[in-house]
Amino acid sequence: MVGVDRITAISTSVSNHLPNPMLPQLKAILCAAIIAIGAFAIAGGIVSADPGGNGAEFLPEEFASHVLPLLRMRCVSCHGQEKREGGLRLDTRRTTLLGGDNGPVLQPGSSENSELIARLRSQDDARRMPLGESSLEPEQIERFRRWIDAGAPWPDALAGQEVASTHWSFRPIDRPAVPAVRDAWPRSAVDSFLLDRQRRQGLHPASDADRPMLLRRLHLDLLGLPPAADEIEEYLNATGPDDCERLVDRLLASHHFGERWGKHWLDLARFAESDGYENDNLRPNAWRFRDWVTRSINDDMGFDEFTVWQLAGDLREQTESSNLVATGFHRNTLYNSAGGADKEEFRTKAVKDRTAVTGAVWMGLTLNCAECHSHKYDPVSQREYYQLYAFFNSTDDDQFQDAPTLRFLERPTRLHRRGNFLELGAPVDPGVPAFLPDLLMRNSRPDRLDLARWLVSPHHPLTGRVAVNQLWQHLFARGLVATPENFGLRGEPPSHPELIDWLAARFAGLPLANVVDSAGDVNGASATPTQPSSAPTPGAWSRKALIRLLVVSSSYRQSSANDRPGHAEIDPENRLLWRQNRIRLEAEIVRDIALATSGLLDTSLGGPSIQPTLPKVLRDLDELKNERFQESSGRPYRRGLYVHMQRTYPYPMFAAFDGPDGNACTIVRDRSITATQALTLLNDPAIDECCRALGQRLMESTADDSGRVRHAFEWCLGRAPSPAEEEIIRQLVRQQQEAGASESLVWAGVARTMLNLDETITRE
Amino acid sequence: MAGTNDHRMPSPLLTRRNFFTRVGGGAGFLALATLLRQEGLLASAPLASPTALVPGAQPGPHHEPRARHCIFIFLAGGTSHLDLFDPKPRLRELDGQPIPPSFLQGVRFSFVKPQQSVLMASPYAFHPRGECGTSFSELLPGIGSCADDIALIRSMHHAAFDHAPGELEMLTGRDQPGRPSLGAWLTYGLGNPSHELPGFVALINHRGPVARAMAWGNGYLPGRYQGMLLRGQGEPILNLQTPADIAPRAHRAQLDAIEQLNRIRGAQSIDPELETRIAAYELAFQMQSSAPELIDISGETQATLQSYGLERPGQQGVFSRNCLLARRMVERGVRFVTLFQRTWDHHKKLDADIRAQCREVDQPIAALINDLKARGMLESTLVVWGTEFGRTAITENASSGRDAGRDHHPHCFSIWMAGGGIRGGQVFGSSDEIGWRIAENGVHTHDFHATLLHLFGLDHKRLTYRHRGLDVRLTDVAGSVVSRLLA
């Protein structure tokens, strides 16, 4: 049974070459190959399996001298690393054995059952390979036949390198040492990584932002609300080396933290409260999912648990009913209830959406590219796409309006040719892409629970990196990977590869290479690296711990002013973070600020959404007679998080400030600057109401104009006005008085001015 | 026409900015500002379009454009090619007979049950019109009179057979939400030539398209390329009006204070986005006067108003007014105007409803083409009759007579284009003998979009946007320019 031994040898060497552990698909294929060879039961060397003997013995060196050159010259221009027509790569051993979108192309030991030979010999121009070129010479085809019949031997030395093993984000997460930088500036390991890079570029970090700016930054980033007057006073009077840390701990414990960061997650979850498409019916229970997200984040539920509940809560053995609503994550798909809609078409669209969103949110992969054909750039074949699709392929949409605790019923899955649900191809079983780690199954057939646990296994190369990058971008304006939605070959490389791995390793609970305490304190950073311990880092998967680590860093605390000569020329986009970035705030936060400063804000938590009143002129229009915002409901001054999300009719103010419409997963919000925004802040009736309330509040605060101006700046911007700024407002007061405005109108006008400032709607 | 990038021209605002930057903040700054205001410079300075100040110029044009503006009339609901644009004498012979089963393979329907339906000829006469002799339905006498300007495509096709997906397919190139609409692509590619109005405007009557804001959405393009919904009634733009009790002088004083405070902040943080913000406020202020001026049609002659049919009652008059407003917008530089008009979804009572719809749109559309032509604007303005799909040759809801209707049919339908570099007086493509399938020269949505971009000097393969790490485009990975449509 030398033939069998030979294949076993291939199997072993292939698995050594691949990311560990070995891949299930490959195992299956190799087993099939072994069985195929075994059936011939050939002993005494590698010989042609053809009993007729019209082929000579295939010599091992023939592969290198004849077969491989043929593959390279005639096949890989279309079936190689660059182009993978039909999902097939013939440039490496593993991919050649694996086959393409339509299955294996060769069966070692059996040329007559090998598609490769059939395609080389075909008389049909549309099928014969190489497509559109002259066919191979008969003796070349004969060489392929003999090679396959001999068991398709392929020496290790020529096995070939695949992209998967070299692309940074597909490799196991590294546990880099913290760079030893001799400088007083770093407060944490994060700073050491950043400073090390800056120094090599001749850049210097900015000094700390002044205390008012830092206070407002932390309030906006962690809670989405500006600091109140007493909070400003308290912080400005606080002293002590750890006053910032104490402030951060207080903010992390606030229930507004979950509202702020829950919204970031709801963007990813394409959360909305209606079906979308033509009828766009209401989903009256959708808010329960929103509340679960905010509560889980406030409770600092580990990101691993948070993931498993959302993707597979219905499959867990111990199901807590309070967490079952988490599966609402994938019920946020659109649903077309139009009379003429094809139910199967829109059901499959929803399954594709679940597949694509899972890929984007947890793995930073653009899986939707593989819906119609194998991914052009990333190592995801069309068949692998439908293997992931199979996890989500279930019957559930018919009961969409029911309580979100239904179990998904699995369906058999077939590949969709060209992505068309009417053209079903080969059956596929649930599975994960071959370039990623093995999937551990509880039973013989993997299910969504296995998939969810696989995603949050600490050794998954993508989940940790993608998650820390998503959190990072909300604190520094841009991810360490500037394309947080794409960690594949066409994504941007990370600006700080070691830092993202260091953070991802911490977050995923991988033991770190360095002696660093749980807060990421830099004290041990320059110590000699020790052996990684096997115990997971405390605080694994804790978002609060990671956010705390980031916001107490010197890097986060920097001033955002672009005021140092030379720096912008070296690094115009500030990728190396030699200052903080200014961030135009999100739509909901712009509204929250207006409500908070005017004293109107209703801070109650959770529950059904509100529908703020729309301007009467809008309500009276014919075109809106049937729209959802006709009637206001709920308390209108609640936070933007609670504004009803209707997919086909986003709340106009939010649409103006780039709020998501819930039709697709939003990983990066745009931060546009438009005239519509100006008109909204100047004239929208809801903002106008805030202006008048703020004006009234200013008048009641003191009788002294100068004091009122000071309060206006403090409440809106968290700081005192400069003399020039105060003079501009006092001049405005005079001009309005000259124009005959009443006192309340004058101060409402001051409020209108303040709420329209760029600084008011910017996190500096 | 290389000079169409007028939004890149240096504006007095930039000059003013430089002046302030040199002078800096403080008392001198205030004294200067006062001085300038007294001279009327602050309040009346022309403005730069916000796009002009955003880093990274737009990617186009790639070649000499033929069209500079587009008026895209979208007849939502699905116009019947068989009753308006594509005469089928053979269908008259087969009227009342069952459809041969071979036509049903691979075809889906929304509501119709093909086994219970029969073929239905159009009850309307078709006549050759113009010098070119293209046949149009008697229901569209006005549009027929423009036959020599029109390139009629009788072979449009795609696969989306419901309304919202069909609208999205035609307007964004994909039958699912999330992609930028045509107008967003064009303003992204070419910028906004208007200094006082947005570059992409949508007008609606009735309830507009079912895809709602996605029909003029920016998709994954930045928000500044989103179409602005201009309302034909009341306030033309949402939040355009200053609250009633704020006097114009007080309003201007507040805007000045906002600008001055933003400038101080800009001098401190040295962030170019502050300039963009300041320019956006200037554009908003300009729009507060230019938008009401735009919709104030009191300066139009009686003859013009009558030609568009503005005196007509109800929604007829609204559509007439929208057509006139479209011309006024193009005159003022707006790049892309979409007019949505509903509804053509005639599943039953086709005869009564299609007559009413044609009455509503025929006169104003013909008037628009003639008006543009008379003003020398048709050459650079592309006018499109678009819809999400055509309708079936078989009946729905009744076998014949007044109650009969037609179902959705995306496999073969008709649209047309005029002006803006289109060779008028031609028919492109054809359908089979019952208007069911493409007979020759099929035009897919991607081909249509590639052609439209080409007219604007844009290569559909080069007009890309980096989204999720991929260079994406309107035409996905397909589409080719239909060169026979070009003048």
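Hi everyone. Let's start at a loop in chain A: Pro130(A) lies between α5 (115-121) and α6 (138-149) of that chain. The peptide bond that joins Met129(A) to Pro130(A) is cis, with omega at about -5°. Please keep in mind that what we have here is a predicted model.

Over residues 1-54 of chain A, pLDDT stays under 50, and the model has 82 contacts beyond four places in sequence for them. Over residues 514-534 of chain A, pLDDT again stays under 50, this time with 41 contacts beyond four places in sequence. Where pLDDT is low, the predicted coordinates should not be read in detail.

Thr343(B) sits in the loop between β7 (336-341) and α14 (350-374) of chain B.

While we are on backbone geometry, here are two residues with a positive phi. In chain A, look at Arg418(A), which is not a glycine and yet has a phi of about 50°. You will find Arg418(A) in the loop between β3 (413-416) and β4 (424-428) of chain A. Is Arg418(A) buried or exposed? Arg418(A) counts as exposed, because it has 11 C-beta neighbours inside 10 Å and the cut-off for exposed is 12 or fewer.

In chain B, the residue to look at is Asn239(B), with a positive phi of about 65° although it is not a glycine. Asn239(B) is in the loop between β6 (228-230) and α10 of chain B.

Why do we call helix α17 (residues 448-455) of chain A largely enclosed by the rest of the structure? Because six of its eight residues are buried. Those buried residues are Arg448(A), Leu449(A), Asp450(A), Leu451(A), Ala452(A) and Leu455(A). If you turn the model around, you can pick out what covers the buried residues of α17(A), including α13 (303-312), α15 (343-363), α16 (382-392) and α18 (463-476) of chain A.

Now for chain B as a whole. This chain has 15 helices and 17 strands. Of its 487 residues, 59% are buried. Among the contacts in chain B with a separation of 6 or more, 78% are between residues 24 or more positions apart.

One strand to find there is β9 (residues 390-396) of chain B, where seven of seven residues are buried. β9(B) pairs with strand β10 (residues 405-409) of chain B in the antiparallel sense, over four bridges. To locate that pairing on screen, look for Glu396(B), whose bridge partner in β10(B) is Gly405(B).

Gly420(B) counts as buried because it has 25 C-beta neighbours inside 10 Å. And which residues does Gly420(B) touch, leaving out those up to four places away in sequence? They are Arg66(B), Ala67(B), Cys70(B), Ser380(B), Thr381(B), Leu382(B) and Leu455(B).

In the interface, 69 residues of chain A are in contact with 66 residues of chain B. On the chain A side, the elements that give two or more residues are α24 (616-619), α25 (652-656), α26 (675-683), α29 (723-738) and α30 of chain A. The residues of that side divide into 25 nonpolar, 26 polar and 18 charged.

Let's zoom in on one helix pair there. Helix α30 (residues 743-755) of chain A and helix α10 (residues 248-269) of chain B have axes that come within 9 Å and cross at roughly 35°. The crossing of α30(A) past α10(B) is right-handed. From α30(A), the residues in the contact are Gly749(A), Arg752(A) and Thr753(A), and they meet Ala250(B), Gln254(B), Ala257(B) and Ile258(B) in α10(B). By type, the residues of this contact are three nonpolar, three polar and one charged.

That's my tour, so over to you.

Note on methods: Residues are numbered from 1 along each chain as its sequence is written. Chains are lettered from A and ligands numbered from 1 in the order in which they are written. This is a predicted model: local features need pLDDT of at least 70, side-chain atom pairs count only at pLDDT 80 or more; totals for chains, interfaces and linings use all residues. Axes are lines fitted to C-alpha atoms, for helices over the stretch in contact, and angles run from 0 to 180 degrees between N-to-C directions. A crossing is left-handed if the near helix is turned anticlockwise from the far one by less than a right angle, and right-handed if clockwise. Two residues are in contact if their C-beta atoms, placed from the backbone, lie within 7 Å. Ala, Val, Leu, Ile, Met, Phe, Trp, Tyr, Cys and Pro count as nonpolar, Asp, Glu, Lys and Arg as charged, and the others, Gly among them, as polar. pLDDT is the predictor's confidence in each residue, from 0 to 100. A residue is buried if 20 or more other C-beta atoms lie within 10 Å of its own, exposed if 12 or fewer, and partly exposed in between; C-beta atoms are placed from the backbone. Two strands pair if DSSP finds at least two bridges between them.
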